[in-house]
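Here are a few exercises to work through with the model open beside you. Try each task before you read its solution.

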Amino acid sequence: MEAMDMDEEPVIVAVRGPDLGGGPRFHFPLSDSESSRELETGLDEEEPPPIMSTWAFNQRSAPGQRGEPRPRAARGPAASQPRRRTRRGLAPPSRAFLDFLLRAPAASEALQGSGSSTDISGSDTEEQAPGPSLGASAALGPPAGSTEPSAPTNETAGGRVQLGPVVPPPATVTLPCVPVATPSFQPSQSEEGEGDTCPICFEPWAAAGEHRLATLRCGHLFGNACIKRWLKGQGQAAKCPQCNKKAKRSDIVLLYARKLRAVDNSEQEAMKKCLAEEQTLRRKAELESAQCRMQLQVVTEECGKLRKQVQDIRTLMSQAGGASRSTGGLSQRAEAPRGGSHYTFSKGVLVSQAGGCRVLAFCGPMGCLLASQPSPQATLVPGYGVKKISTVNMKASQYIHIHSKQIRGLAFNRRDDSLMLSASLDNTLKITSLLTNTVVQTYNAGKPVWSCCWSLDNSNYVYAGLLNGSVLVYDTRDTSTHVQELLPLGARSPVPSLSYIPRAGSGPFPCGGLLAGSLEGGYFWEQLEGNSYRPHQLPLEAAGCIDIQVETATRHCLVTYRPGRSNPSLRCVLMELTRAPQLVPSLQGSLPGGACSCSPVQTFNAGSSCKLLTRNAVFPSPAGGAMLVCAGDEASNSTMVWDAGSGALIQKLPADLPVLDICPLEVNGDHYLASLTEKMLKVYKWE
């Protein structure tokens, strides 16, 4: 058997059957693309009759029936697998032809009923490849309906198949090496996942998002977030994690691979986006809810204030009705001044629900009352300030935070610049602009400040009464420290009241200076030329003085004494300031320098209780021709109004709590009297 030239002509394979009076001889052409081998089949003389030729061709002409030749295996990756070695120059035959060769001898064997020896010869170097066994092929018979062939005829005209008498040699079968179709190479599971994960975090990279596929200039693949974090951590000496080549963040390139095995996280990213939107909406809803709760709280507080005011008005109306019906009591209308004018209740304003109000002042240019109070938001902004109350509609408008501790004094100057001077127990004296509601100047006194006032002769100077009895003089043009300290003449006791008396051209008391009232007495610091002061001790009682107020037009002062052993009731003594006519030598000549003194004019008695340091008032009567004296009575929780000339009690204005401060004011030609308690401000109008 020898190889044939596959390039020149088709290869003919001859198959010789047993000699039965001219046994059949088969010649099959093979295509050039297939390898050829000569296959000879010989049977002994005792063999059964030969295989019918029609059956062999029926196996190829009946597709889809039993015994149909299997299609040739597709060329693919199996070609790269080790295959059986064949003779040099020969290629494996076609798959259809091999099926025929495997089935033909078995079919002949089944028809003849006797076995024959079959030899499969090959080269010494050939290895037997796994394939279908002959026994299994022999079990396949001719299809149903096949017929016996007729007598052998001569060779066909085409020369493709020749039938004729052939002398059978010993039965030999030469079979080609049957290639076995093996499955294509499939990588292991570990090798499959090796290209799906980032070599830094060993997590699958994604097609989108922070962990999408990226590469460096060296070509290694990483997750985008991981390689950025790696290069950032390496700094200037950053290298590729796999090959140690130099790399930097600008070398990172995002990949858009056509066949990328990536985790489909688009749904996850969409869910994250939805989560972020929901969180944003939730935060917005929480903010709106907080604002609504705050608004509800403000409305609730306002409602509570209005209810409280209604209750106070009802209480006042009931008390006023009871006083008017009482025959033994002092009726407000019955005790009204001549002409029928008197104070009537105008409005009550809640200043602080928690209490803590202390002093009261009136600002003419701004048209508002200012009452000291604790911070309404003590947890957020602790401290003390003042609340503005408009005199137009008598409503609280705004809170101004000023000090960290309680405010003990408020004062205004004559320049109408809306600058308010405040004294506090936090050791500071501050100037606040009511136009901007901000503190414009702060002075540290070093000790608690109990009182304050402006100089009515020179608005550049302010005064502060301290806890130790000293009075500090400040120049608003010098913001560093005080310019002078006025030391007390007697015991060092707190100075709860300070009042400045301006100079006058003539009169019994023409000099100007500072009137200081301490708990142990009173002093008058006469201001001489320049910034020099001369002290005068006033002939007041040794103890029990709690307040001194001045009426600058008439040069009268009102001194208040608390109850004591000799006087069991609160006393308000109206005194007239005087000066002895003496001459004092000076460089310019002789100047009047007599001692300043005061003499009592009228005494007014109130209740028997005085636990608080209250502030009273003396001022000209709105009716003209007289002065009025007002003082708070703790025993009856009321404001008492006297006629300074006769000493008679004109009115008793009720209040719900002890009155701490009294302030007369004039707005648009109307006269009012404001009294401050711990929580409320009550305004009375002169009619």
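**Exercise 1: the second largest pocket**

α6 (266-325) gives the most to the lining of the second largest pocket, with eight residues. We're working with a predicted model, where local features need pLDDT of at least 70, side-chain atom pairs count only at pLDDT 80 or more, and totals for chains, interfaces and linings use all residues. Numbering runs from 1 along each chain as its sequence is written, and side-chain values use heavy atoms, with hydrogens and water left out.

Solution. 
- A pocket here is an open set of points on a 1 Å grid over the protein atoms alone, where a 1.4 Å probe fits, with protein on both sides within 12 Å along at least five of seven lines; lining residues have an atom within 4 Å of a point. The volume is the space filled by probe spheres set on the points.
- Next, find the centre: of the 30 lining residues, the closest to it are E301, E302, K305, P376 and K387.
- Then list the elements: α6, β7 (343-350), β9 and β11 each supply at least two residues. Helices (H or I, at least four residues) and strands (E, at least two) are DSSP runs, numbered from the N terminus.
- Finally, sort the lining: 13 nonpolar, eleven polar and six charged residues. Gly goes with the polar ones, while Cys, Pro and Tyr count as nonpolar.

**Exercise 2: the largest pocket**

Task: work out which strand supplies the largest share of the lining of the largest pocket.

Solution. 
- The volume is about 1500 Å³, and of the 50 lining residues, F362, F412, V550, C663 and P664 are the closest to the centre.
- Strands supplying at least two residues each include β8, β12 (407-412), β24 (545-551) and β34 (661-667).
- β34 takes the largest share, with six residues.
- By type, the lining holds 29 nonpolar, twelve polar and nine charged residues.
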